[in-house]
Amino acid sequence: MTHARLVELATEWLRRARCGIVLSEQGCASGEMPDAIGWKGKCHSIVIECKVSRADFLADAGKPWRKEGSIALGCERYYLAPKGMLRADEMPAGWGLLEVHGRKVSVTVKSKRNLRQPAGLMNEMNLLLASLRRVEVRIEPTTITDFLKWKNRLAEYNGGTLPEGVLPETEEDNPHLVN
């Protein structure tokens, strides 16, 4: 099992967990670079750290955001590893354990749901803003705002109506806009 394959499985698992936004291996100002992180409604975030060896798992404990949990990302936090490599009793306080057996990811230990603190939320915001900036750099000279208004241009092109199957923004299923 490779690290890249574990990251792929982690992002798939986050999507099945109904995370509408999923990023992998993107860094933030604190230095933390989660293997996978996803957000669902009400800014609830889930971080997954992928480990292919015990040595990598043990080294992870020495990182600043592991020693000082208040700056860490994730309302929920999981380690993902091949089945049997890590033990439930080795998980840091509140962390969950996901295990891969074949192609299936199973929850061995559930994470607590309230691990993120205010500094961690600010680091998540930094990660999202940095990721948006990366997108904007790639779509220049178009701005993100103009890029997100593509439906307006599409409707304009079609004589004022959206093509069949394209919903107006007000009808999109976007839990991040729900209070």
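In β2, alanine 36 is the bridge partner of serine 24. The structure is a predicted model, in which local features need pLDDT of at least 70, side-chain atom pairs count only at pLDDT 80 or more, and totals for chains, interfaces and linings use all residues. Residues are numbered from 1 along each chain as its sequence is written, and side-chain values use heavy atoms, with hydrogens and water left out.

The chain contains six helices and six strands, taken as DSSP runs numbered from the N terminus (helices H or I, at least four residues; strands E, at least two). Along the sequence, these elements follow the pattern α-β-β-β-α-α-β-β-β-α-α-α. The C-alpha trace spans about 60 × 35 × 30 Å along its principal axes. Of the 179 residues, 37% are buried; buried means under 20% relative accessible area, exposed over 50% and partly exposed in between, with a 1.4 Å probe and protein chains only. Among contacts (heavy atoms within 4.5 Å) with a separation of 6 or more, 50% are between residues 24 or more positions apart.

Strand β2 is paired on either hand. β1 and β2 run antiparallel and are joined by four bridges, where pairing of two strands requires at least two DSSP bridges between them. β2 also pairs with β3 in the antiparallel sense, over five bridges, and valine 47 in β3 is the bridge partner of isoleucine 37. Three residues separate β2 from β3 in a hairpin, and lysine 42 in the turn has a positive phi of about 60 degrees. Cysteine 43 is also placed in the loop between β2 and β3; its phi is near 60 degrees, a positive value in a residue other than glycine. Cysteine 43 counts as partly exposed, at 45% relative accessibility. In β2 itself, five of five residues are buried. Ala36, Gly38 and Lys40 point one way from the strand, while Ile37 and Trp39 point the other way. In a regular strand the side chains alternate between the two faces of the sheet.

The largest nonpolar core has 18 residues. Such a core is a set of buried Ala, Val, Leu, Ile, Met, Phe, Trp, Tyr and Cys residues joined through side-chain atoms within 4.5 Å. At least two residues of this core come from each of α1, β3, β4 and β5 (96–101), and α1 supplies the largest share, six residues. The residues with the most contacts inside the core are Trp13, Leu14, Ile48, Cys50, Leu80, Leu98 and Val105. Apart from its neighbours within four places in sequence, isoleucine 48 is in contact with residues including Ala10, Trp13, Leu14, Tyr78, Leu80 and Leu98. A second, separate core has eight residues, including Phe57, Met85, Trp95 and Leu97.

Three aromatic pairs are present in the structure. Rings of Phe, Tyr and Trp (its six-membered ring) pair if their centres lie within 6.5 Å; planes under 30 degrees apart count as stacked, over 60 as edge-to-face and the rest as tilted. Tryptophan 13 and tyrosine 78 form an edge-to-face pair, because their ring centres are 5.4 Å apart and their planes stand at 65 degrees. Tryptophan 13 lies in helix α1 (residues 3–16) and tyrosine 78 in strand β4 (residues 76–82), so this pair ties together parts that are 65 residues apart in sequence. Both residues of the pair, tryptophan 13 and tyrosine 78, are buried. Phenylalanine 57 and tyrosine 79 also form an edge-to-face pair, at 4.9 Å centre to centre and 80 degrees between the planes. Here phenylalanine 57 is in helix α2 (residues 54–60) and tyrosine 79 in strand β4, 22 residues apart. The relative accessible area is 7% for phenylalanine 57 and 2% for tyrosine 79. Phe57, Tyr79 and Trp95 form one aromatic cluster.

Helix α4 (residues 118–139) has 22 residues and reaches 32 Å from its first C-alpha to its last, close to the expected 32 Å; the expected span is 1.5 Å times one less than the number of residues. Its buried residues are Gly120, Asn123, Glu124, Leu127 and Ser131. These residues lie on the same side of α4, because they cover an arc of only 105 degrees around the axis, the arc being that of the directions from the helix axis to the C-beta atoms. Elements covering the buried residues of α4 include β1 (21–24), β2 (36–40) and β3 (44–50). Pro118 and Met122 are exposed on the face of α4 turned away from its buried side.
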